[in-house]
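Here is a quick tour of a protein model, written for someone new to structures. Keep the 3D view open and follow along topic by topic.

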Amino acid sequence: MNIRLLSCTLLLISNSLFAQLRSPDEFLGYSLGSKFTPHYKIVNYFNQAAAAMPQMMKLEKYGETNEGRDLLLAIISTPENMARIEEIRKNNLRLTGILKDKPADAGQPVIVWLSYNVHGNEASSSEVSMKTLYELLSSSNTQTKNWLKNTVIIIDPCLNPDGRDRYVNWFNQMVGKTPDANVNSREHSEPWPGGRVNHYNFDLNRDWAWQTQVETQARIKKYNAWMPQIHCDFHEQGINNPYYFAPAAEPFHEVITKWQRDFQFTIGKNHARYFDANGWLYFTKEIFDLFYPAYGDTYPTYNGAIGMTYEQAGHSQGGLAVVTNDDDTLTLKDRIAHHFTTSMSTIEIASQNADKLITEFRKYFDEGNTTGTGEYKTYVITETNAGRREALRSFFEINGINYGSVSGASLKGYNYFTGKDETFTATNSLAVSAFQPKSALVKVLFEPRSKLSDSVTYDITAWSLPFVYGAQSFAVKEKLPLGNYSSPNKNASVSAAGYGYLVNYNSFADVKFLAAMLNAKIKVRIAEKDFTYNGKIFQRGTIIVLKRGNEDKIQQFTDLAQSYNATVTMVNGGFMDLGFDFGSEKVHLIKKPTVALLTGKGVNPNAAGEVWHLFEQQLNYPISLINAEEADGSSLKDIDVLILPDGNYKFLKDKESAAEIKMWVQQGGKMIVLDNAAAQVAKADWGLKLKKTDDDEKKDDKKDDKHLYADIKRYENRERDGVVNNIPGAIYKVEMDNSHPLAFGYDNNYYSLKLSSDMFEFMKDGWNVGVIKKENQTAGFVGSVTREKIKDGTVIGVMPMGSGSVVFFADDPVFRNFWENGKMLLSNAVFLVGQ
Ligand SMILES: [Zn+2]
């Protein structure tokens, strides 16, 4: 036998060995649930299954995490279905109207998408993904083979591999020879930031619509290419709450159809059958509502699917075994058993109702396409700021929302910014029609006021796109004809000549260009006031790049200008028709700041992550991360700007350490405090004062009868009574002093997502850059007591201290990084204030 033949034979033998589908226990070498499986082994398990069962399974890598881990999708069905899987996928898109190449065929399997482990420290569900996969593929399970005849299953074994491995690696290091079920032992107490979030501390289950994170961006592309009929998001809740499954809790968004509500009951009852038979505890219809559009249940729901969250006990504290309040020991094996049961039960009920699911799915999209969901039929974005408009256009793009343009005079519509019905003119304006496959999603994202069927909700209540993007828009009740929209291409090229250049600075896209110029060490100046050159008015904030001092950088500047699509005007001299000449001291040279962010223990991980991601990934600007507990005068020696995101800062409470930081500010440092960090600076008595509310002042006064009896509450109403103090996230109109550099690039008003009732007293010796004068709530839910408090105070400002300053924001301007219009504010605070 020659060598070649021998190696061929060996290859055949090893292939056939490899080709055996192995159970998770066989493959891993331990029984599932006896330890946590690191992500790479889950990837290996899926790979071996795909190699063993190519006729029933297709495995795709759809992306990569920040830390380089694979994101995978397994598509599973019968060999017959898999042979025409691409046609099934396309046909499914034809049912929605997204694909229009030919009429849809009604004979279509139902598509069920199972998303495991979006929160990394809810770690049982990726273990379950392997068992689910095995039971679907294994010939020993005849039941699943029957289901697959009319069902296609899509499994994402882990939506957040970085977070999951953070938890699993940590746990495996903490656990001893025998797991300790005592909840107070260290293996049940995760360190900062915890495994819930991704690399940049983002909660991926708040990111579906916004897609700020790479994991979400990659997943939604696939989601929109498939558009499943059912989507399940597997989670874990506190160790003492047994199990939650559909039907969801109120409030349901009003666009959710009767069919979508009803089928949640059908599924829930099927799960209950299995849980009852095993004597397992569960609850339904509580806590987890269907409203905020960026969850793994709502986003699919607004895309025509039955979208659901399943919650098993075990989140973070579960470990391998833990004693719960009712003196039971909850094990990882229990958690796997429960999530596996709902996985199977979901597939079973989908298969039993496949025809009805397809019929209703089609009906859902037919209605959206032909009648347009909601009272408004066309949304017209008349915003003239190209940067903001383009940001909104990309948002439509990544969500598969069709858009076009509208032109016309004397159009009538609801003006989001004035809250009134008005007449307006559109000129090639970006526009979205309600008549389209994404009709429900469009309505949810554009509605001026979301209707809550119940005011006790889990999350923020306002996200209307015109406010998020700061883009002047109108909601029109008529169906307007849409033409093609073309994005402005500002700079074919910028020629290298003249005395210098003027660059528009009025959107976050322009901030990115500014950051790139600073990184390239291009000398940049900024105009403090409006000026006129060659008969054209340039707004304050306009960036001035002069040839002088940049002699060897001009080529780099013009290249950057082109790649950032910046609006650039050439100037041939420094004499302005009106306003300051470039040599004036009112034209400020921008020093490239060294920026640090406080992070680590005590800091809200999400809030720190938002700033980290903004600088590192969006602005490509260096930022040092300093542990909050180690921050002192010496660690700030070389830092120009220090950002304190929402958190609990011990050093602000301690007189001595606070004095060190205060000294750093007085000597020229700039401290930017966000959200609750601003309130803590106020309490530290640096001069900033939290606004006292009427409520606080009246506390000691004698109460009248009405107030006296108001304290007597019915026990059964306790959740609802709590709501009067609620502000789960509402939109407020903030009046801006846009002559201050902090507000350069903004109009007279800014729409802020208000997350607490915190406000500051008007400052005599500082700059009240953003104020809420009277009651100026624009959208979202605010409890009656809180509503009274939010008026006549400063929410954005600058407090000068010695040669430095404190820039404060009562609320997080870059909340979840989806509040696009706040990004320039934080950037201005870093780059422009105090220059
Ligand atoms: Zn979760």
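Donors are N, O and S atoms within 2.8 Å of the metal (3.2 Å for Na, K and Ca), and water is not among the atoms, so sites may look incomplete. This is a predicted model, where local features need pLDDT of at least 70 and side-chain atom pairs count only at pLDDT 80 or more, while totals for chains, interfaces and linings use all residues. Residues are numbered from 1 along each chain as its sequence is written, and side-chain values use heavy atoms, leaving out hydrogens and water.

**The zinc site**

- The zinc ion is held by His119 (ND1), Glu122 (OE), Glu122 (OE) and His235 (ND1), at 2.0 to 2.5 Å.
- Along the chain, these donors follow the spacing H-x2-E-x112-H.
- Glutamate 122 sits in the loop between β3 (110-116) and α6 (124-137), and histidine 235 is in strand β5 (residues 230-237), 113 residues apart.
- Helices (H or I, at least four residues) and strands (E, at least two) are DSSP runs, numbered from the N terminus.
- What is the geometry of the site of the zinc ion? The site is irregular, with angles of 56 to 158 degrees among its four donor atoms.
- Four donors count as tetrahedral if all angles lie between 85 and 135 degrees; four count as square planar and six as octahedral if opposite donors are over 155 degrees apart and all others between 65 and 115; anything else is irregular.
- Glutamate 122 and histidine 235 are both buried (under 20% relative accessible area; exposed is over 50% and partly exposed is in between, with a 1.4 Å probe and protein chains only).

**A five-stranded sheet**

- Look for an open sheet with the strand order β21-β16-β20-β17-β22 and antiparallel pairing; two strands pair if DSSP finds at least two bridges between them.
- At the edges are β21 (568-571) and β22 (587-589), each pairing on one side only.
- Strand β16 (residues 500-503) pairs with β21 over four antiparallel bridges, and β16 also pairs with β20 over four antiparallel bridges.
- Leucine 502 faces threonine 569 in β21 and isoleucine 544 in β20.
- From β16, Gly500 and Leu502 point one way while Tyr501 and Val503 point the other way, and all are buried.

**Nonpolar cores**

- A nonpolar core is a set of buried Ala, Val, Leu, Ile, Met, Phe, Trp, Tyr and Cys residues joined through side-chain atoms within 4.5 Å.
- The largest one has 242 residues, and Met671 and Phe831 touch the most other members.
- Helix α17 (residues 508-519) gives the most to this core, with eight residues.
- Another core, of 11 residues, lies apart from it and includes Ala527, Phe531, Leu546 and Met576.

**A covered helix and a loop residue**

- How many residues of helix α15 (residues 439-446) are buried? Eight of its eight are, so to speak, tucked away as buried residues.
- Among the elements covering them are α13 (354-371), β14 (420-433) and α16 (465-468).
- Asparagine 402 lies in the loop between α14 (386-398) and β13 (404-415).
- Asparagine 402 counts as partly exposed because its relative accessibility is 41%.
- Not counting residues up to four places away in sequence, asparagine 402 touches Val432, Gln436 and Pro437, where contact means heavy atoms within 4.5 Å.
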